[in-house]
Amino acid sequence: MLAATADSIRATGARVEAVAGDVSRRDDVPESGRAVRPSRRAVQVAGIADFLPFLDVTDESWERILGVNLKGTWYLVQEAGRAMVNAGTRGAIVVTSSTNAFSRRPEAFATTRRSPGQVAVMHTAALELSRHGIRVNAIAPGIINTRSRGL
Ligand SMILES: NC(=O)c1ccc[n+]([C@@H]2O[C@H](COP(=O)([O-])OP(=O)(O)OC[C@H]3O[C@@H](n4cnc5c(N)ncnc54)[C@H](O)[C@@H]3O)[C@@H](O)[C@H]2O)c1
């Protein structure tokens, strides 16, 4: 599926590097950092969610969501930023947060608890990496019917 997705992006004329890994594992992410060096772009988009009532959220859900979405964001931005700084590349990094970084909805605690942290990672990295000519921004989608919503 990863190869097919990369091929479909290449078919549009865009350049893309496909690297398999689990973004919640620090050891898997440096490969992504190496891949961004020639292309000068890195986008954090991997994410998961659950939609549980607040009283039903478990420790396992808390750890899993924060591991993939928040730690994954930190690892990707740090590794991509490090690779760009070391290569002297004036690149761009984009984080995928959520409108729930700024507003709250019932049964959306998964995204509520990680989205503000992703914005904080983006802000801090943007302030520090701008001196190397690297831009760090975030997008905040609203609700879109995709697999992460069980659709
Ligand atoms: N769909 C929405 O309503 C919505 C709203 C706001 C933000 N977002 C964010 O947008 C991004 C894309 O979500 P989507 O709705 O397209 O979901 P999706 O399930 O279609 O895509 C998420 C992708 O992340 C990958 N992924 C999941 N865990 C991973 C891991 N540990 N390591 C590497 N890859 C992993 C999955 O394989 C999948 O390809 C996510 O970060 C999500 O939090 C989605």
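Author: Helices and strands are here DSSP runs, a helix having at least four residues and a strand at least two, and they are numbered from the N terminus. Read in that way, the pattern along the sequence is α-α-β-α-β-α-β. That gives the protein four helices and three strands. The model is a predicted one.

The overall dimensions come next. The C-alpha trace spans about 50 × 35 × 25 Å along its principal axes. For 151 residues, a compact globule would have a radius of gyration near 15 Å, and the value for this protein is 16 Å, which agrees. Of the 151 residues, 34% are buried.

Now to the part you asked about. Side chains of opposite charge can pair when their charged atoms come close. A salt bridge is counted here when a side-chain nitrogen of Lys or Arg is within 4 Å of a carboxyl oxygen of Asp or Glu. By this rule, the count is six salt bridges. Three of them are described below.

Glu 79, with 11% relative accessibility, counts as buried, because buried means under 20%.

Glu 79 has another partner. The side chains of Arg 82 and Glu 79 form a salt bridge as well, with 3.6 Å from N to O. In this case both residues are in helix H3, three residues apart, which is about one turn of the helix. Arg 82 has 41% relative accessibility and counts as partly exposed. Taken together, Arg 26, Glu 79 and Arg 82 are linked in a network of salt bridges.

The side chain of Arg 64 meets that of Asp 50 in a salt bridge of 3.9 Å, N to O. Arg 64 is partly exposed, with a relative accessible area of 35%.

The loop between E1 and H3 contains Phe 54 too. Phe 54 has a relative accessible area of 56%, so it counts as exposed. The C-alpha atom of Phe 54 is 19 Å from that of Ile 143, and 89 residues separate the two along the chain.

Some arginines are part of another feature. Arg 15, Arg 40, Arg 41 and Arg 135 gather on the surface in a patch of positive charge. Residues in such a patch have over 30% relative accessible area and no salt bridge. Among the four, Arg 135 is in strand E3 (residues 135-139). Its relative accessible area is 52%, so Arg 135 counts as exposed, given that exposed means over 50%.

One other charged residue deserves a remark, this time for its backbone. Most residues other than glycine have a negative phi. Glu 107 is not a glycine, yet its phi is positive, at about 55 degrees. Glu 107 is placed in the loop between strand E2 (92-96) and helix H4 (109-129). With a relative accessible area of 45%, Glu 107 is partly exposed.

Leu 2 is in helix H1. Leu 2 is partly exposed, having a relative accessible area of 43%. Leu 2 and Thr 112 are 28 Å apart in space, C-alpha to C-alpha, and 110 residues apart in sequence.

Conventions
Residues are numbered from 1 along each chain as its sequence is written. This is a predicted model: local features need pLDDT of at least 70, side-chain atom pairs count only at pLDDT 80 or more; totals for chains, interfaces and linings use all residues. Side-chain values use heavy atoms; hydrogens and water are left out. Patches are made of residues with over 30% relative accessible area and no salt bridge: like charges are joined within 9 Å, nonpolar side chains (Val, Leu, Ile, Met, Phe, Trp, Tyr) within 5 Å. Accessible areas come from the Shrake-Rupley method with a 1.4 Å probe; for residues, only the protein chains shown count as cover. Lys and Arg count as positive and Asp and Glu as negative; His and the chain ends are not counted. The place of a charge is taken as NZ of Lys, CZ of Arg, CG of Asp or CD of Glu. Buried means under 20% relative accessible area, exposed over 50%, partly exposed in between (1.4 Å probe, protein chains only). The radius of gyration is taken over C-alpha atoms; the globule rule is 2.2 Å times the number of residues to the power 0.38.
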